[in-house]
Amino acid sequence: MSGRPNSGQGAASGGDGQAGKSSRNKQAKLVLLGDQGVGKSSIALRFVRGEFHENHEATIGAAFLTQTVNVGQGSIKLDIWDTAGQERYHSLAPMYYRGAAAAVVVYDINNANTFTRALAWVKELRQQTTNSVLIVLAGNKADLASEHRAVPVEEGRSFAEENGLVFAEVSAKTGMAVQEVFMTIVILKLSSLNKCSTTRDSLAAHKLSRKAEDGVAEGTQKDRVRLSGRDEEGSSCRC
Ligand SMILES: Nc1nc2c(ncn2[C@@H]2O[C@H](COP(=O)(O)OP(=O)(O)O)[C@@H](O)[C@H]2O)c(=O)[nH]1
Ligand SMILES: [Mg+2]
């Protein structure tokens with residue numbers, strides 16, 4: 001998929017997390033939430049570096065990465081906060097999701113408990129943040145689905161549709177739909193930051209427009225990233 005990120009990752013903290021509104025320097029804070037072990041760090045690593053590690057070490061507290069993505073005529077710098085999933089760090093979570101432009105709530109499609117936990121994260125986000133936070137529900141480890149699936153794809157999809165979330169099943173291991181998820185976030189956020197650039201314009205730049213009009217962003221595999229968020233109509237400019 002085009003729109004490959006063009007800058008590297010960092011390990012230092014930085015960015016206030018607010019979506020930047022200058023046309024030259026658009027910036028958006030993005031947070032990854034979900035149980036420990038669902039693959040949050042692996043998804044971030046796949047997106048930023050195109051890598052996957054079989055035994056990724058557990059995140060302590062949170063990790064910070066940045067990535068600048070070019071889409072059409074615009075670009076946006078993503079400040080990605082990769083949180084630790086352990087319950088003992090829960091009280092820190094608001095620090096990461098407050099002011100976020102987008103939250104990717106991750107579960108492991110092979111572990112039903114992580115889905116339940118993901119739904120609780122969505123509920124918390126809805127209660128504690130404004131409606132402008134774009135929430136993506138991402139079912140990871142799709143590469144193991146044929147033997148180990150515990151959460152039917154329909155369950156994730158219908159929850160997302162009912163709650164206005166973007167939904168995708170992904171695999172940090174194979175890379176399936178990971179780029180598409182982040183590009184969908186970027187496109188939706190760019191369109192909400194640019195008064196004159198509608199979501200449809202941005203999607204067209206990415207050859208995603210036909211499917212998006214039906215509510216589906218077409219990646220390399222159809223129907224992988226479903227747009228059901230509030231921003232999809234490009235009507236929520238916050239310039
Ligand atoms: N098969 C498979 N394993 C994965 C995938 N994503 C992550 N993992 C593995 O799951 C474990 C936990 O991943 P990690 O990214 O640390 O999860 P986190 O705690 O949510 O950050 C690691 O051993 C990863 O290699 C995936 O898409 N498929
Ligand atoms: Mg981690």
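## Pairing of strands

Two strands are taken to pair if DSSP finds at least two bridges between them. In this predicted model, strand 2 (residues 62–71) and strand 3 run antiparallel and are joined by 10 bridges, with Thr-66 standing opposite Asp-79 of strand 3. The two strands form a hairpin with two residues between them, and Gly-72, which lies in the turn, has a positive phi of about 55°.

Strand 3 also runs parallel to strand 1, to which six bridges join it. Within this pairing, Leu-30 has Ile-80 as its bridge partner in strand 3, and Val-31 stands opposite Trp-81. Strand 1 in turn pairs with strand 4 in the parallel sense over four bridges, where Leu-33 stands opposite Val-105.

## The chain as a whole

The chain holds eight helices and eight strands, and buried residues make up 48% of its 239 residues. Among contacts with a separation of 6 or more, 71% are accounted for by residues 24 or more positions apart.

Strand 1 is largely enclosed by the rest of the structure, because seven of its seven residues are buried. In a regular strand the side chains alternate between the two faces of the sheet. Strand 1 is covered on both faces, with Gln-27, Lys-29, Val-31 and Leu-33 buried on one side and Ala-28, Leu-30 and Leu-32 buried on the other. Strand 3 is likewise described as largely enclosed by the rest of the structure, since seven of its 10 residues are buried.

## Leu-78 within strand 3

Leu-78 belongs to strand 3 (residues 74–83), and it counts as buried because 26 other C-beta atoms lie within 10 Å, where the cut-off for a buried residue is 20 or more. Leaving aside neighbours within four places in sequence, Leu-78 is in contact with Ala-28, Leu-30, Thr-66, Gln-67 and Val-69. The C-alpha atoms of Leu-78 and Gln-27 are separated by 5.9 Å, although these residues are 51 residues apart along the chain.

## Helix 3 and its two sides

Helix 3 (residues 112–128) has 17 residues and reaches 25 Å from its first C-alpha to its last, which is close to the 24 Å expected at 1.5 Å a residue. Thr-114, Phe-115, Arg-117, Ala-118, Trp-121 and Leu-125 are buried in this helix. Seen down the axis of helix 3, the buried residues fall within an arc of 160°, and therefore they line one face of the helix.

Those buried residues of helix 3 pack against strand 1 (27–33), helix 2 (93–97), strand 4 (102–108) and strand 5 (134–140). The face of helix 3 turned away from the buried side carries the exposed residues Asn-113, Thr-116, Lys-123 and Gln-127.

## Surroundings of ligand 1

Ligand 1 is surrounded by 22 residues, of which the closest are Gly-39, Lys-40, Ser-41, Ser-42 and Lys-173. By class, this shell around ligand 1 comprises four nonpolar, 13 polar and five charged residues. Helix 1 (residues 40–49) gives the most to the shell, contributing three residues.

Key. Residues are numbered from 1 along each chain as its sequence is written. Chains are lettered from A and ligands numbered from 1 in the order in which they are written. This is a predicted model: local features need pLDDT of at least 70, side-chain atom pairs count only at pLDDT 80 or more; totals for chains, interfaces and linings use all residues. A residue is buried if 20 or more other C-beta atoms lie within 10 Å of its own, exposed if 12 or fewer, and partly exposed in between; C-beta atoms are placed from the backbone. Two residues are in contact if their C-beta atoms, placed from the backbone, lie within 7 Å. The expected span of a helix is 1.5 Å times one less than its number of residues. The arc is that of the directions from the helix axis to the C-beta atoms. A residue is near a molecule or strand if its C-beta atom, placed from the backbone, lies within 6 Å of it. Ala, Val, Leu, Ile, Met, Phe, Trp, Tyr, Cys and Pro count as nonpolar, Asp, Glu, Lys and Arg as charged, and the others, Gly among them, as polar.
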